[in-house]
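This report goes through selected features of the structure shown below, taking its two chains in turn.

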Amino acid sequence: MSGRASRRSVVVGSLPLALLSACRSWEGPRGNRSRAAFWYSYGGKNREVLERLIGRFHGEQASTWIDATFQGDYFEALAKLRTSIAARAAPAMSHVVAEVVPYLAEAGVLEPLDGYPGASELDLIAGLAQGGSYSGGSERPLVAIPFNRSTPIMYMNGELLDRAGLGTPADWTELRHAAKELTRVRDGDKVWGFECPVSWWFWVAMVGAAGGKLVDDIGRVTLGGDAGVRALDFWQTLVHRDRVMRPPLGRDYNAWQVTMQDFLSGRSAIIWSSTAFLRYVEENARFPVRVAALPGDVKRSVPTGGTFFVLLRGAPEAEKRAAWEFLKWMVMPRQTIEWSTSTGYLPVAHSAVAELEASGYYVAHPSDRVALEQLESVEPWPWSPTLFRVQREIVDPLLEDAVIEGAGAADALETARREASAP
Amino acid sequence: MKPNKKYGPYAMLVPTLGLLGIFFLYPLFVAARQSLYSWDLLTPPAYVGWSNYAALWQKGELARAFRNTLLYSSVVVAGSMALGLAFAVALDRPGKIVSFVRSAVFSAYVISWVAVALLFMWLLDRDAGLVSRLVRAVGLPARSWLGDPHVALYTLAAVSVWKITGYAMVIFLAGLQDIPPALHEAAALDGANRLVRFLRITWPLLRPSAVFVATTSLIMSFQAFDVVRIMTQGGPVHSTELFVYAIYEQIFMNLRVGRASALVVVYSGLILALTLLQLRAWRERRVA
């Protein structure tokens, strides 16, 4: 091999190394900013909106960079979050469902936020913030800041309702009647009057509407007592006696997706889902969509849903401070307005609601007002570290068993209460 | 044969034993230890003795996972073997159409489980799915194939059979092509019909292929997870909760590391027992 050829091969051989080195030293737009990892569970349209907001955050300031990573649905993301906490590799920031906040807080893995600059000045709507979302939530250290908060609402196919000459059902009796009238075989395909995921969130709404509470005043898990039985019995009536409700296939959010697909394809006339799907439904339905508060029984009552932003205590201090800057920016009126009007989630700041009112947004989009007005009948979650376990291990399987297999509601709930009281 | 160096064979075993120890035995030991604790990954573990096993037993979760897994595996192994053999015998001949059908049957095996599961969820829809429409067209009542707890497990097994039958067919085809044609010709000259030739020549000579197909499809069926995760998430009413999915559900959804570890220990014991039974059956056959 000649000397020239040898030199050439050295130069060519060094090129990848030089490129690699250049890539390592050039950090792109991140520069020397403080960085924080953020794990999120927003999919589809919500993900697009989040990424747009993060892009704007990066453009508006030069001190903080957020490394946002999608981690699957709420439950999958929670599983990964717990694993990362155990492995001491937790992100600085994530968001978790309301039911799991007390569990994580009592386990000591959430960063107390009271001492962070500006924490006490956030202009949050009480019913959606930690104070109003939990019984006694304001007496505990602040660990959760609301962002994508929701309530369950009722979506109706206006075309099918008009054809059947029906109005909006206001209570369970009217819902049952409407579901009977709307259940038909049309062009060889069955249209179901009503559909709703057979799961915790909607059952909790029904327990509240029937006048019950999940946990009594001294902290015992009662699962609503007689109201819990009445709620379960109502579902069983719709599924087995009237045969007007389709229990969707799958569990957890798979059942939610099936319910939504059935509604959009015209196979279910009335569904219960989250206000979070409002914009998605409006953009994808090929029929007029009507939206209303959930029908009441002895009263109207709904739980709140969606998630809270949390900082993880085990993350490095610099990352937590960077994450706090982003979190604070996200709940400012401009961002919460963009988020809620683009998705259907509730705006979490008073000033955001006032701005939307003043701009005439709610006049132009009356469906967005439904969830907002429903906040008057919100039942706070109990601050119970075992609530998440009661949901996952006891109530969800019980509901499935009772609604699909027709197990006796009273006996099933009695067994569930015993299991919930066991260590 | 006597080795030149006394410890030579052991030295050669070290890499395999090392990998086995690091990636199988040590994790199994950790799982066995954790199965005696109550732990949610976040709070300190608390020693609870055998309570995790007792809880799984008393709540019927162990029996349910055991029953579902064995039932699912039996249907998958028997179904894929029978169909694979039938396809192999039918398609063991030259021709462009036969070749196309062979490729078509095998193609299902190379498609991802996720795609297969999503496709079948659409086909099996109770109201609008193709399967329900066909069933109704012949005058039978359509069922909720994935929503009825008495049917869902068999539906998942049928989907799995559809997916892996092509694999069984290819193994059986290779076995069939190893059988010397002279044996069939001699038997035909002796007056043996097709059925007799299959029972006396083909099937005995295909037995090694059958054992291989049975073993590998048993392993595949015991590892089933994707199809459950996507199509039913273990429901309805836990009717499709197989062992692997039950472990996932306990640790990642219910936050119970101890109970998941107890399931892992029982599951490993079950696989070990099946392996021992299989080895014994092979040894007995060799001796015979």
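## The open sheet of chain A

In this predicted model, chain A contains an open sheet of 5 strands with mixed pairing, in the order S2-S1-S3-S12-S5. Its edges are formed by strand S2 (64-70) and strand S5 (145-150) of chain A, each of which pairs on one side only. Averaged over the sheet and with direction ignored, neighbouring strands are turned by 25 degrees against each other.

Strands of a sheet pair through backbone hydrogen bonds, in either a parallel or an antiparallel manner. The parallel kind is found between strand S1 (residues 34-40) of chain A and S2(A), which are joined by 7 bridges. Within this pairing, Phe38(A) has Ala68(A) in S2(A) as its bridge partner.

## Helices of chain A

Helix H3 (residues 74-86) of chain A lies across S1, strand S3 (93-97), S5 and strand S12 (305-311) of chain A, and its direction is at about 130 degrees to that of S3(A).

Helix H16 (residues 366-374) of chain A has as its buried residues Ser367(A), Asp368(A), Val370(A), Ala371(A), Leu372(A) and Gln374(A). These buried residues pack against helices and strands of chain A, namely strand S6 (152-157), helix H11 (278-284), strand S11 (289-292), helix H13 (333-343), helix H14 (350-358) and helix H15 (361-364).

## Overall make-up of chain B

Chain B holds 12 helices and 2 strands, and along the sequence these follow the pattern α-β-β-α-α-α-α-α-α-α-α-α-α-α. The C-alpha trace of chain B spans about 75 × 70 × 30 Å along its principal axes. Of the contacts in chain B with a separation of 6 or more, 66% are between residues 24 or more positions apart.

Among the 288 residues of chain B, 42% are buried, while the chain exposes about 16300 Å², of which carbon and sulfur atoms supply 70%. Chain B carries 26 positive and 13 negative side chains, with the centres of the two sets 7 Å apart.

Arg133(B) is placed in helix H6 (residues 130-137) of chain B. Because its relative accessible area is 39%, Arg133(B) counts as partly exposed, a class that lies between buried, under 20%, and exposed, over 50%.

When residues up to four places away in sequence are not counted, Arg133(B) touches Asp189(A) and Ala128(B). Leu123(B) is 10 residues from Arg133(B) in sequence, and the two are 9.5 Å apart in space, C-alpha to C-alpha.

Conventions:
Residues numbered from 1 in each chain as written. Chains lettered and ligands numbered in written order. Predicted model: local features only at pLDDT ≥ 70, side-chain atom pairs only at ≥ 80, totals over all residues. Heavy atoms only, no water. Helix = DSSP H or I, 4+ residues; strand = E, 2+ residues; numbered from the N terminus. Buried < 20%, exposed > 50% of the residue type's maximum accessible area, 1.4 Å probe, protein only. Contact = heavy atoms within 4.5 Å. Areas by Shrake-Rupley, 256 points an atom, 1.4 Å probe, with all protein chains shown as cover. Lys, Arg positive; Asp, Glu negative; His and termini not counted. Charge placed at Lys NZ, Arg CZ, Asp CG, Glu CD. Pairing = 2+ DSSP bridges. Axes fitted to C-alpha atoms, helices over the stretch in contact; angles between N-to-C directions.
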